[in-house]
Amino acid sequence: MRLNKLKLCKDASDRLKHLKAKTGLAPNILSRVGFCLSLSDQAIPNPASYAEDDREFNRYTLLGEWDELFTALLRQRLAKDGLGDSDLEEQFRAHVNRGVIALFGLVKGTADLVDLAIRQFSTISTR
């Protein structure tokens, strides 16, 4: 993936600010959680739904040492959706935006993040 910087839509950026206030977690960590949450949604996100008009992340700040893992997860999802590597950057941005927006509706504090992780793990382990 050539993406060096990722710009979020205003809605996702605003929700990240509120999530940070509720949980005390850094926006890059919350964005990673949101990305994974979006990957679990069966619908393919539409990149055109998320304008690149607000908060900007450096790729390393966002993914850190887990870059290869997140890229592999996205490639697996693209294959499942019948999409190719040419869609990688747009789909990455769409999944982060959609995930942050979805996370906002599910999390009121850190305890909700723990509950969400337990539910997601339980879903994966029963497949």
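**Group meeting: a walk through the model**

Okay, let's start with glutamate 52: apart from neighbours within four places in sequence, it touches Lys7, Leu8 and Arg93, where contact means heavy atoms within 4.5 Å. Before going on, this is a predicted model, so local features need pLDDT of at least 70 and side-chain atom pairs count only at pLDDT 80 or more, while totals for chains, interfaces and linings use all residues. Residues are numbered from 1 along each chain as its sequence is written, and side-chain values use heavy atoms, with hydrogens and water left out.

So where is glutamate 52? It sits in the loop between helix H2 (27–39) and strand E2 (56–58). Helices (H or I, at least four residues) and strands (E, at least two) are DSSP runs, numbered from the N terminus. Lysine 10 is 42 residues away from glutamate 52 in sequence, yet their C-alphas are 8.0 Å apart in space.

Next up, helix H4, residues 67–81. Its 15 residues reach 21 Å from first C-alpha to last, close to the 21 Å expected at 1.5 Å a residue; the expected span is 1.5 Å times one less than the number of residues. Which residues of H4 are buried? Asp67, Phe70, Thr71, Leu74, Arg77, Leu78 and Asp81 are. They cover an arc of only 125° around the axis, so they lie on the same side of H4. That arc is taken from the directions from the helix axis to the C-beta atoms. Buried, by the way, means under 20% relative accessible area, exposed over 50%, and partly exposed in between (1.4 Å probe, protein chains only).

What do the buried residues of H4 pack against? They pack against H2, helix H3 (59–63) and H5. On the face turned away from the buried side you'll find the exposed residues Glu68, Gln76, Ala79 and Lys80. Just after H4, glycine 82 takes a positive phi of about 75°.

Now over to H5, residues 88–106, where we find glutamine 91. Glutamine 91 is buried, with a relative accessible area of 5%. Beyond its neighbours within four places in sequence, glutamine 91 is in contact with Ile44, Pro45, Pro47, Leu74, Leu78 and Leu83.

Last, the largest nonpolar core: it has 27 residues, and Leu6, Leu8, Phe35, Leu74, Phe92, Val96 and Leu103 touch the most other members. H5 gives the most to this core, with six residues. A nonpolar core is a set of buried Ala, Val, Leu, Ile, Met, Phe, Trp, Tyr and Cys residues joined through side-chain atoms within 4.5 Å. Leaving aside neighbours within four places in sequence, valine 96 contacts Leu6, Leu8, Ser31 and Phe35.
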